[in-house]
Amino acid sequence: MPELPEVEVVRAGLAPAVIGATVVAASVIDERAITRHEGTAAEFEARLTGRSFTGAARRGKFLWLGIDDGDHALIGHLGMSGQLLLRPAGAPPERHERVRLDIVHAQHGELAVVFADQRTFGSLAIDVLVPTADGAAAGWGTDAALLPSQVAHIARDPLDPAFDDRLWRATLARKNSAIKRVLLDQTVVSGVGNIYADESLWAARIHPETPANLLSTRAARRLLTEVRAVLEKALAEGGTSFDAQYVNVNGQAGYFAHSLNAYGRTGQPCARCGRPIVRDAFMNRSSHFCRHCQRLALAARALG
DNA sequence: TATTTTACCTGAGGGC
DNA sequence: TGCCCTCAGGTAAAAT
């Protein structure tokens, strides 16, 4: 499932091929792939054709390619199963191909950017750029303090130099919700999904159902440190892949699945204490954790 | 207002 | 073999 490391691998892979490239043709094969776009498929295609890309940026799980009209960007969200692939010009259709951009680049020649998505939770759109709320650069891959309007409500991710650690602790202190729910709230901290939430909580020895406002300042700081460590390690290993759900722009899988300590390890021994990792239902999905290392404390200061 | 639940979607895999 | 059911989960709208 594409979370921050996976989306960053895609952004970094796309950047050299698309920055400076011109769109020769755009085709929307399945309109569900542009549900985030306000106009029609024909209008989407027309607005991209003949345009060049000026940059490739990312905040959390959203990425966007700047368009050379200066105030718009092509934004993309991979959802659950979206892939952005670079293919030779004229390559045969991918399985679940939804959108294709034929581009030409001065150094790389003719290429196809293919958006493929099995479950169609992902989407592309052309969106207007707006100033960032804090005036800092919008995210990875850009120095500009401009981001697509649809991304404006998304918090900075923990690897963003402008992420506000004090705001993080203050936000936790006023949230009654379970800490895992807060970790998954993209308006609090972006880029974390179910896999890295479970991994970070395991590393920080915090039970996923712990009310956020019961975490001590120390525990909140420790959790943020572990979130960063988990994301950075996953990024270094090319992301986490299960089956063929997530791949880089060349269709290759990442290796982080081999480094998981909690997610998907139901019944297997905890790497710290040897007791079995358990799986609990959580928000229509699953939480994986160690009942021994991650005690559910319902009193403040018990988690220092 | 703050928080929680639901809809969206396809394919893999288990049970019978 | 084939049908039915469950599961996977990010986002945003809807409900509480």
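1. The model is predicted: local features need pLDDT of at least 70, side-chain atom pairs pLDDT 80 or more, while totals for chains, interfaces and linings use all residues. Residues are numbered from 1 along each chain as its sequence is written, chains are lettered from A and ligands numbered from 1 in written order, and side-chain values use heavy atoms, without hydrogens or water.

2. For Gln118, a polar side-chain atom is 3.3 Å from a sugar or linking oxygen.

3. Around DNA strand B stand 13 residues (a heavy atom within 4 Å). Arg32, His96 and Thr120 are among the closest. Six are charged, six polar and one nonpolar (Asp, Glu, Lys and Arg are charged; Ala, Val, Leu, Ile, Met, Phe, Trp, Tyr, Cys and Pro nonpolar; the others, with Gly, polar). Sugar or phosphate supplies 68% of the DNA strand B atoms within 4 Å of the protein.

4. An open, antiparallel sheet runs S2-S3-S4-S8-S9 (strands are DSSP E runs of at least two residues; pairing needs at least two bridges). S2 (53-59) and S9 (146-148) each have a single partner strand, so one side of each lacks a neighbour in the sheet.

5. S2 pairs with S3 (residues 62-67) over six antiparallel bridges. Ala57 has Trp64 as its bridge partner in S3.

Key. Helices (H or I, at least four residues) and strands (E, at least two) are DSSP runs, numbered from the N terminus. A polar contact is a pair of N or O atoms within 3.5 Å; within protein, one must be able to donate a hydrogen and the other to accept it, and residues adjacent in sequence count only if both atoms are side-chain atoms.
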